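The entries follow in the order in which I made them.

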Amino acid sequence: MANVTAKQLSEVIGISIEKLLDQLKTAGVEVSGADDPISDEDKMKLLESLRSSHGKTEVSGPKKITLRRKSKSELKVAGTSGSGRNTTTKTINVEVRKKRTYVRRADIEAEEMKQQQEAEAAAEEQSRLQQQQAEEAARQAEAAAQAEAEAAKAAAEETARAEAEKKAYEKSLQEVEAAQKEIEKQRAEAEAVEAAEAAARAALEQAAVASAAAAADKPGKHGKHEDRHTRYGRKELHVKESAHQPNRKQKFKKGQKQVHEITRQHQFEKPTAPVVRNVEVPEAISVADLAQRMAVKAGDVIKTLMQMGTMATINEILDHDTATLVVEEMGHVAVSAASEDDFEKELQASAEQAGEAKATRPPVVTIMGHVDHGKTSLLDYIRKSRVTSGEAGGITQHIGAYHVETDKGIITFLDTPGHAAFSAMRARGAQATDIVVLVVAADDGVMPQTKEAIQHAGAAGVPLVVAVNKIDKEDADPDRVKNELAALEVIPEEWGGENIFVNVSAITGEGVDNLLDSILLQAEILELEAVDKGNAKGIVVEASLDKGRGPVATVLVQSGLLQQGQMLLAGTQYGRVRAMYDESASTIKSAGPSMPAVVLGLSGVPNAGDEVFVVENERRAREFAEIREAKIRETKLADQQKAKLQGMFDAMAEGEVAEINILVKADVQGSAEAIRESLDKLSTDEVRTRLVATGVGGINESDINLAAASDAIVIGFNVRADNSAKRVAGDYGIEIRYYSVIYDIIDDIKAIMSGMLSPEAQENIIGLAEVKDVFRSPKFGDVAGSIVVEGVVRKGQPIRVLRDNVVIYEGELESLRRFKDPVEEVRMGTECGIAVKNYNDVRPGDQIEVYERVEVARSID
């Protein structure tokens, strides 16, 4: 195409010359004016610039070209008009449109070639996959064959290795035997060398002794022997005699050094073998204490326990068997700790060695029986005192020990409580006695505590004297008492038995002299003797904490002589006897066998029933007390561990159990023990009592703090709280209850526990209606036309439908009407309509039973 000017091109394109010149300049075509020529290359540059500016970077020719052609022509058609005589000619314009599409041959060939290439590629891919599958199958077959070959090779190698190891083992045995022979040979040579060295050493020592003797005969520079000693008279260590510091006048040459030759003695070497210790293992011990006894870290003990399958902490309590296994696992020797019986035997031996000759001692008589049968009143008449009036509630709540001098002789009486709560006191009294006087009321007969007293006396193996009291009453029947006791194997002497029966009256004094004669006669038969000199031995009858005097213990001396100033051991408490009193509060200096004495000076309040020994000094007393205390602590820890596991199992089995926490402070140890046992017996499966602490003495501030921390009730039995305790109790809102009779404590705790019990649901039948006919209601369904035959029928109450006296449905009364009017209740003898909720099978003759559910409070029996 010939070059055109810019102006002509602008006219063809249809844009202004100025816009075209700007576009040419942007495309990089140098045009100065409208008349400059534009070549085909310049046109292509302009086209590419315009396409790039519109986002089209790929320039390619059209694949298809469509040509449209349009031609016009005229077609003349002849026709007639009018009546058909005139001929006319019509001209019709005809427009012919043609469309033809041309495709480039190169595109068709490229498409065909592309399809052919795709088919070839698919065929090649299929053949390649088939080839890979064949190769994989061949590779797997080859791997299987190789694995079989390797297995066969490994089996052959294993056989060869076993044979080689067998040969090596036989060879090593031969080498060991040869080495043992060589060692024996060397040992023999070493023994010969040691013998030669010992002979040479002996010769040298003899020569040294001879030279030392010669040197001793020769005086030193100042006329004294030069014996090298320290200022304290001991020889210096690690140095030779010649290596001692030289005299100040001794001089050394220049450059000469003073050499001290040090011997090889007094040097420490690292032990070549592990240290094996003998470890004492008690019945219960913590992980920390066990590690300390083995001189190892607690972490090592915990690690050993973990290896044995036990997870434990440093404060975990181990039983004897587990601790023994741990000690042996760590390479030490477990030795059972010294038994407490060994120390008790030592104390018994020291008490028996104290004296030699034995003398007759007064009998110790315990008065036992049921409550209110007149035990203390009988003792009052003998003592000519009024003890009963001084006891709260008129019942004995302590063990009273009395030394009575009668016309018949000296007798020591122990008065025990008769109430059921004081079973431990009666058992303790029977163990410390020689004769038991069983008091039975002639008008009341044998009662529960009477039977228990007979059992205690039989368990202690002491003779029984029966005092049939209250014979002065009109309804007294001593023969009835004999018959009832005979059923319990307590046979009177007049019936061929061994038990003495005496009829007495504590009011008139009738038969009291006969009772004393019988007691002394029984004592003569028993031939009671005891050592009346030397160290004393006895038993704690009662103990308490006095605010002014401190711990006070009533001690019954069984043998020896207890004197003021001696060192006393009572259970886990010890101390020097500061003062002693008799039952009338008179000061005494000593107490012999069968004599009760009130002792002051112990370090704490002992437990009633503890044995008392006199020891030689405070060191021994402290040693024995610590041994006993450790034994008690170990036993308590073991019991706590068992109780913890048992409590966990019980909680898992029973579910939640309500608890009432109680803190008890009493005046004497026996009363605290009786209260604790009585409260423990009140526990049930749903409510249980938990004693946070029991003690002797007044209620102080620490007791209130403990009660506040554990949400406990504070009970004071014959004790009171001090001012600080009252103030703290008021701040915390802690309730303090004071009692002087044990009955009241048990009744109040029962009431509190009863309030914690969940109420019991009961059903009360309030009415019964008989169905006469059944009507159909569009609103309620079947309605039973009934008549109330018993009680009252109320709307909204649960009901039962009975057919032939068998319950066939339980539900609720939905509607109650009388004469089509809804009512709340219908009484006996009245007709009504009853609609049962969700039940439409009511028939004539059925009975509708109406009942109500009520909750009834339960109580502790």
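Entry 1, terms and source. I took two strands as paired if DSSP finds at least two bridges between them. Helices (H or I, at least four residues) and strands (E, at least two) are DSSP runs, numbered from the N terminus. I noted that this is a predicted model, in which local features need pLDDT of at least 70 and side-chain atom pairs count only at pLDDT 80 or more, while totals for chains, interfaces and linings use all residues. Residues are numbered from 1 along each chain as its sequence is written, and side-chain values use heavy atoms, with hydrogens and water left out.

Entry 2, strand S10. I looked up the partners of S10 and found that four bridges join S10 to strand S12 (residues 410-415), the two running parallel. S10 also pairs in the parallel sense with strand S13 (residues 435-441), over five bridges. Val 365 has Phe 413 as its bridge partner in S12 and Ile 435 as its bridge partner in S13.

I then checked burial (buried means under 20% relative accessible area, exposed over 50%, partly exposed in between, with a 1.4 Å probe and protein chains only). Six of the six residues of S10 (residues 364-369) are buried. In a regular strand the side chains alternate between the two faces of the sheet. In S10 both faces are covered, with Val 364, Thr 366 and Met 368 buried on one side and Val 365, Ile 367 and Gly 369 buried on the other.

I followed Phe 413, which lies in strand S12. Phe 413 counts as buried because its relative accessibility is 1%. I recorded a C-alpha to C-alpha distance of 8.1 Å between Phe 413 and Leu 379, which are 34 residues apart in sequence.

I traced eight strands that form an open sheet with antiparallel pairing, in the order S21-S20-S26-S17-S18-S25-S22-S23. Its edge strands are S21 (573-576) and S23 (587-588), each of which pairs on one side only.

Which strands pair with S17? S17 pairs with S18 (residues 550-559) in the antiparallel sense over nine bridges, and with S26 (residues 611-615) in the antiparallel sense over three bridges. A hairpin of three residues joins S17 to S18. Ser 544 stands opposite Val 552 in S18, and Gly 538 stands opposite Val 612 in S26. Eight of the 10 residues of S17 (residues 537-546) are buried, so S17 is largely enclosed by the rest of the structure.

I also noted that S20 (residues 567-570) and S26 pair in the antiparallel sense over four bridges. Leu 569 has Phe 613 as its bridge partner in S26.
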